[in-house]
Amino acid sequence: MRRSDPQLRRTARRIGIQAGVLIVLCLVAVALVQAALVERSAVSAARSRLADVTTSIDKPREAPRDVLVTIKDTSGEHSTTDLPDGLPEQRDITEVGRTGVTRERSLKVTGHEYLVRTERSGDRVIQAALDRQPIEDESHRLIGGLVWAGLFGVLLAALMAYWLARRAVAPMAETIALQRRFVADASHELRTPLTLLSTRVQLLARKLKATRTDLTADVDGVLADTRSLTEILDELLISADTRQDRDREVRDLGALAREVVASAQAEARARQLELTLHTEGATTVVGSPAALRRAATSLVDNALDHAVAHVKVVVVRTGWLVSLSVEDDGPGISPDLVPRLFDRFTSSRKPEHTPTRRHYGLGLALVADVAHAHGGEVRAVNRTPGPGAVITLQLPGGR
């Protein structure tokens with residue numbers, strides 16, 4: 001992966017972190033389940049052990065070292081030595097001696113929790129108690145071991161995921177880098193002849209103004225078009241350089257649409273089409289002027305290619321949204337084209353309809369990109385009533 005692609009490195013790092021987090025969650029779940037199973041198994045074994053003690057011993061001294069035993073019979077009550085305060089549990093001994101029903105309970109005594117079993121055998125009542133602290137200590141040791149093993153496993157898995165992600169992203173990095181180089185090189189190479197063209201047109205405009213010829217307006221239009229092309233190339237250069245942020249400023253979308261419509265009037269007249277503009281309300285938005293101009297130009301150009309007699313551009317503000325709608329009276333949008341209308345290389349125009357120009361199906365995809373980048377949306381519907389289509393670019397309003 002190239003050092004000039006920090007975004008792709010961040011992507012690989014993010015994939016590694018996400019993989020590590022998923023592994024952590026899995027290990028935590030496994031540790032909790034394992035600890036619960038171990039504790040349950042240990043408690044079950046302790047209960048079985050207490051049952052063996054209460055049914056098999058005759059005297060307290062016969063009890064295992066870790067089991068505390070009390071036996072009550074006709075001769076009195078006998079217990080193992082060193083019973084903690086709170087044992088034996090006299091209520092259970094009395095109750096079991098009276099009813100003969102074996103009882104098991106957990107009893108907290110002197111800060112320790114004991115598992116206590118009381119059982120009657122003949123005329124004797126035997127109570128056995130086992131400290132649960134060793135069981136809990138074993139569970140803690142198990143959880144601690146799993147935690148340390150998990151931390152090591154997480155670190156290893158995260159490093160492996162990062163390495164694999166870098167390998168997986170590397171071909172994409174090369175492709176994106178190649179694309180950026182192409183856009184940057186093409187834009188840079190186009191700037192030179194465009195600058196020369198702009199200079200020539202400015203000189204021509206001065207000469208025409210000096211001779212007071214009526215071609216001045218047309219030359220001024222060509223000069224405005226060259227400025228627009230320069231802005232577009234600057235926008236492409238910024239897009240190719242991920243280190244730069246696109247300049248955003250408050251622009252009047254209605255005024256921008258007016259410039260685009262004025263620039264397209266010559267093309268409309270050549271096609272014998274009527275191109276009109278209607279603006280209403282405050283239509284300011286915050287965005288990249290070059291990107292907004294490209295989107296408006298693409299919408300108008302698309303409508304001119306489909307229209308039969310008329311294209312109408314409407315810029316209005318509704319609430320906090322500003323909409324630029326371009327309406328034509330052409331055949332409308334085919335239903336099978338609607339789901340992919342804003343995809344790249346999608347076009348319904350036939351070569352015989354526009355024999356002088358080749359279309360690549362990129363215009364509406366560009367409009368969708370501009371809308372997304374500016375927090376807006378673009379939608380297309382067929383006109384009702386009548387033939388034709390309406391494509392609307394909707395953006396958040398500016399100050």
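Modeller: Start with β5. This is a predicted model. In it, β5 gives the most to the lining of the largest cavity, with three residues.

Colleague: What makes a residue part of the lining of the largest cavity?

Modeller: A lining residue has an atom within 4 Å of a cavity point. L68, T70, L83, L87, P88, Q127, A128 and A129 meet that test, so they line the largest cavity. Two elements give two or more residues each: β1 (67-73) and β5 (124-131).

Colleague: Why is this space called a cavity?

Modeller: A 1.4 Å probe fits there but cannot get out, so the space counts as a cavity. About 30 Å³ lies in it. The search of the whole structure finds one cavity of 30 Å³ or more.

Colleague: How many of the lining residues are nonpolar, polar and charged?

Modeller: Six are nonpolar, two are polar and none is charged.

Colleague: What makes a set of residues a nonpolar core?

Modeller: They are buried, and their side-chain atoms join them within 4.5 Å. The largest such core has 38 residues. L275, L299, V300, V313, L324 and V326 have the most contacts inside it. Elements that each supply at least two residues include α5 (253-270), β9 (310-318) and β12 (389-396). The largest share, eight residues, comes from α6.

Colleague: Which residues is L275 in contact with, leaving aside its neighbours within four places in sequence?

Modeller: V261, A264, Q265, A268, V300, V311 and V313.

Note on methods. Residues numbered from 1 in each chain as written. Predicted model: local features only at pLDDT ≥ 70, side-chain atom pairs only at ≥ 80, totals over all residues. Heavy atoms only, no water. 1 Å grid on protein atoms, 1.4 Å probe; cavity = no way out; pocket = protein on both sides within 12 Å on 5 of 7 lines; lining within 4 Å. Points joined across faces, edges and corners; volume = space filled by probe spheres on them. Helix = DSSP H or I, 4+ residues; strand = E, 2+ residues; numbered from the N terminus. Nonpolar A, V, L, I, M, F, W, Y, C, P; charged D, E, K, R; others polar. Buried < 20%, exposed > 50% of the residue type's maximum accessible area, 1.4 Å probe, protein only. Contact = heavy atoms within 4.5 Å.
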